[in-house]
Amino acid sequence: MEIVIRKATDDDIPAIFGLIQELAIYENGLHKVKNSVEQMYAERDFFKCYVAEDNGEIIGMSLYYFVYYTWVGKALYLDDLFVKEAYRGKKIGSKLMQKMMDVAREEKCHRLRLQVLNWNSSAIEFYKKSGFNIDEDWHNCDFIDL
């Protein structure tokens, strides 16, 4: 197995959307996915993505975008980091995370932020080992169906 981490291309969008669906299934939220491959093509200027590839198969991704936080300034928001179940435990997530940290530094970001479900103990441990602080004080607030 030779894992390649590379920037995603437009041709990768269907595979990326497949990973998004796999993640939603893992998080018991597939019914909440309103996005589509077509919508991702139409809105591709709003996100960036790296993929992990093994012999031409996309097996993982880190999908992100840049935001601005008034307290710190420019930041990288990592929306999804996901590796297919059969490939977990092989440091692929660590390689994708390192790529995100490299991108954040190269882009002169002052923060790299992500969210994790409170029941996802393996992800929480992974993020803690990666150096993240898990903030218990803030709640997500979403206005849906604009």
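This is a predicted model: local features need pLDDT of at least 70, side-chain atom pairs count only at pLDDT 80 or more; totals for chains, interfaces and linings use all residues.
How many aromatic pairs does the count come to? I get 7 aromatic pairs.

**Aromatics**

I looked at one of the pairs, tryptophan 71 with tryptophan 138. The pair is edge-to-face, with 6.4 Å centre to centre and 80° between the planes. Next I checked where the two rings come from. Tryptophan 71 sits in the loop between β3 and β4, and tryptophan 138 is in the segment after α4 (121-129), so the pair ties together parts that are 67 residues apart in sequence. Buried or exposed, for tryptophan 71? It counts as exposed, at 72% relative accessibility. Tryptophan 138 is exposed too, with a relative accessible area of 62%. The cut-off I need for that call is over 50%.

I also found an aromatic cluster made up of Tyr50, Tyr64 and Phe66.

Then I went looking for charges over rings. Arginine 88 has its charged end over the ring of tyrosine 26, 5.3 Å from the centre. Arginine 113 lies over the face of tyrosine 69, and here the distance to the ring centre is 4.8 Å.

**The sheet**

In what order do the strands of the open sheet run? I read it as β1-β2-β3-β4-β5, 5 strands with mixed pairing. β1 (3-7) and β5 (111-113) are at the edges with a single partner strand each, so one side of each has no neighbour in the sheet. On average, neighbouring strands are turned by 25° against each other, ignoring direction.

I followed one pairing in detail. β3 (residues 57-69) and β4 (residues 73-83) are antiparallel to each other, over 10 bridges. Within that pairing, valine 67 has alanine 75 in β4 as its bridge partner.

Which helix packs on the sheet? I found α3 (residues 92-106) there, touching β1, β2 (48-54), β3, β4 and β5. The direction of α3 makes about 165° with that of β4.

I took isoleucine 92 as a case to trace. Leaving out residues up to four places away in sequence, isoleucine 92 touches Ile3, Ala52, Ile59, Val83 and Tyr87.

As background, nonpolar side chains tend to be buried together in soluble globular proteins.

**Positive phi**

Asparagine 28 has a phi near 55°, a positive value in a residue other than glycine. Where does asparagine 28 lie? I placed it in the loop between α1 (13-26) and α2 (37-42). Asparagine 28 is exposed, with 61% relative accessible area.

Lysine 108 also has a positive phi, near 60°. The loop between α3 and β5 holds this lysine 108. I have lysine 108 down as exposed, at 64% relative accessibility.

Methods
Residues are numbered from 1 along each chain as its sequence is written. Side-chain values use heavy atoms; hydrogens and water are left out. Two strands pair if DSSP finds at least two bridges between them. Helices (H or I, at least four residues) and strands (E, at least two) are DSSP runs, numbered from the N terminus. Axes are lines fitted to C-alpha atoms, for helices over the stretch in contact, and angles run from 0 to 180 degrees between N-to-C directions. Contact means heavy atoms within 4.5 Å. Buried means under 20% relative accessible area, exposed over 50%, partly exposed in between (1.4 Å probe, protein chains only). Rings of Phe, Tyr and Trp (its six-membered ring) pair if their centres lie within 6.5 Å; planes under 30 degrees apart count as stacked, over 60 as edge-to-face and the rest as tilted. A charge sits over a ring if NZ of Lys or CZ of Arg is within 6 Å of the ring centre and within 35 degrees of the ring normal.
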